[in-house]
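Biologist: I would like to learn how to read a model like this one, feature by feature. Could we look at the structure together and begin with its surface?

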Amino acid sequence: MQHKFSRESTYRRPQLAGERLLTAKELAKFLALPERRVYYWAGKGVLPHVRIGRSLRFDAERVREALGLD
C-alpha cells in the first residue's frame, strides 16, 4: 500500500526564511496588551497572522507595520 506522501512525492513543506513567529501570549507581552485583545484584533483582521493547526502565530515585523509602529 502506498502512502499519499511517499518519498517520491513532490510535496514540500513551506519554509520560513528563518524568522521566528510569536505566539499570541508573546505578542501580547510585546505590545503590553491583554492576550484576549490580540486574539480579537487577529479575528478582526487588524493583526496579520498565520494559523498553524489551532494556534495563531505572528511575525513581529508585519505586526509593527500593520499597527504603524515602524
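This is a predicted model: local features need pLDDT of at least 70, side-chain atom pairs count only at pLDDT 80 or more; totals for chains, interfaces and linings use all residues.

Biologist: Which secondary structure elements does the protein have, and in what order do they run?

Modeller: Helices (H or I, at least four residues) and strands (E, at least two) are DSSP runs, numbered from the N terminus. The secondary structure comes to three helices and three strands, and from the N terminus on the elements run β-α-α-β-β-α.

Biologist: How are the strands arranged in the sheet?

Modeller: In general, strands of a sheet pair through backbone hydrogen bonds, either parallel or antiparallel. The criterion for pairing is that DSSP finds at least two bridges between two strands. Here three strands form an open sheet in the order E1-E3-E2, with antiparallel pairing. Strand E1 (22-23) and strand E2 (50-52) are the edge strands, each pairing on one side only.

Biologist: Which residue has a positive phi although it is not a glycine?

Modeller: Most residues other than glycine have a negative phi, and most peptide bonds are trans. Ala32, however, has a positive phi of about 55 degrees. Ala32 lies in the loop between H1 and H2 and is exposed, with a relative accessible area of 68%. The classes of exposure are buried (under 20% relative accessible area), exposed (over 50%) and partly exposed (in between), for a 1.4 Å probe and protein chains only.

Biologist: What share of the residues is buried, and which residues form the largest nonpolar core?

Modeller: In soluble globular proteins, nonpolar side chains tend to be buried together. Buried residues make up 20% of the 70 residues in the protein. A nonpolar core is a set of buried Ala, Val, Leu, Ile, Met, Phe, Trp, Tyr and Cys residues joined through side-chain atoms within 4.5 Å. The largest such core has twelve residues, namely Leu22, Ala24, Leu27, Ala28, Leu31, Val38, Ala42, Leu47, Leu56, Phe58, Ala60 and Val63. Helix H1 (24-31), helix H2 (35-44), E3 and helix H3 (60-67) each give two or more residues to this core, and the largest share, four residues, comes from H1. As for E3, Leu56 and Phe58 make up its covered face, whereas Ser55 and Arg57 make up the uncovered one.

Biologist: Which residues does Leu31 touch?

Modeller: Contact means heavy atoms within 4.5 Å. Leu31, in helix H1, is buried, with a relative accessible area of 16%. Not counting residues up to four places away in sequence, Leu31 touches Val63, Leu67 and Leu69. Val63, leaving aside its neighbours within four places in sequence, is in contact with Leu27, Leu31, Leu47, Pro48 and Phe58.

Biologist: At what angle do the axes of H1 and H2 cross?

Modeller: Two packed helices are described by the angle between their axes and the distance between the axes. Axes are lines fitted to C-alpha atoms, for helices over the stretch in contact, and angles run from 0 to 180 degrees between N-to-C directions. The axes of H1 and H2 come within 8 Å and cross at roughly 105 degrees. H1 and H2 are therefore roughly perpendicular to each other, a class that spans 65 to 115 degrees, while angles under 35 degrees count as roughly parallel, over 145 as roughly antiparallel and the rest as oblique. The contact is made by Ala24, Lys25, Leu27 and Ala28 of H1 and by Glu35, Val38 and Tyr39 of H2.

Definitions and conventions. Residues are numbered from 1 along each chain as its sequence is written. Side-chain values use heavy atoms; hydrogens and water are left out.
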